[in-house]
Amino acid sequence: MSDTITIVGVIGTDPEKKTWNGTAITTFRVASKDRRFDRATGAWVDGETNWYTVSAYRRLAEHAFDSLHRRDRVILTGRLRVRNWDSGDKRGTSVDIDVDAIGHELLFGTTTFAQDATTGASAQASTSDDAWAPVDAPSTEWDTAALGSESDGAQQPSRPAPGP
């Protein structure tokens, strides 16, 4: 089974980084607890805690290992894998997430982002005035020839069209 899942939870173990055939892999466990409002009692009720083994690969693995710690609240999305296992005398089910994206959950705290300077795209993008512009986008200077007028006479700037 492989479905996409997004969860919010707390990292329960210190992230561990390994390499396998030259690929960086960071793994850790995340606990996610279901909470619901009980109208009869007027209180929030905790449900069961679900535990997931989370794996990040390549550059995401490097960044996750450097950024995440035990007890951090995170939001993540990735591919859910549910597997049955048997080790002779024990049997069980493993619930894993191969993470595509992960970040700190900001409802209860703040974080600071530092862009990786080793990527070519981020080095090129940092020279642009527009942080959201694609790397190959033209300059974000105002196109003064395309200024239009609104009914109140105020001029509204227009942005150049994105590049090819």
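**Close-up 1. Arg 81 and its salt-bridge partner Asp 98 in the predicted model**. Arg 81 is partly exposed, with a relative accessible area of 25%, whereas Asp 98 is buried at 10%. The two side chains meet in a salt bridge with an N to O distance of 3.0 Å; because Asp 98 belongs to strand β6 and Arg 81 to strand β5, the pair ties together parts that are 17 residues apart in sequence. Salt bridges that share partners join Arg 81, Arg 83, Asp 96 and Asp 98 into one network.

**Close-up 2. The salt bridge between Arg 79 and Asp 100**. The closest N and O atoms of this pair are 2.6 Å apart, and since Arg 79 lies in strand β5 (residues 73–86) and Asp 100 in strand β6 (residues 91–104), the contact links parts separated by 21 residues in sequence. Arg 79 is partly exposed at 35% relative accessible area, and Asp 100 is likewise partly exposed, at 44%.

**Close-up 3. The salt bridge between Asp 46 and Arg 35**. This pair, one of 8 salt bridges in the structure, has its closest N and O atoms 2.8 Å apart, and it ties strand β4 (residues 43–57), which holds Asp 46, to strand β3, which holds Arg 35, across 11 residues of sequence. Asp 46 is partly exposed, with a relative accessible area of 44%, as is Arg 35, with 45%.

**Close-up 4. Positive phi angles at Asn 21 and Arg 58**. Asn 21, although not a glycine, has a positive phi of about 55°; this residue sits in the loop between β2 (16–20) and β3 (23–38) and is exposed, at 68% relative accessibility. Arg 58, also not a glycine, has a positive phi near 55°, but is found in helix α1 (residues 58–67), where Arg 58 is exposed with a relative accessible area of 58%.

How values were computed:
Residues numbered from 1 in each chain as written. Predicted model: local features only at pLDDT ≥ 70, side-chain atom pairs only at ≥ 80, totals over all residues. Heavy atoms only, no water. Helix = DSSP H or I, 4+ residues; strand = E, 2+ residues; numbered from the N terminus. Buried < 20%, exposed > 50% of the residue type's maximum accessible area, 1.4 Å probe, protein only. Salt bridge = Lys/Arg side-chain N within 4 Å of Asp/Glu carboxyl O.
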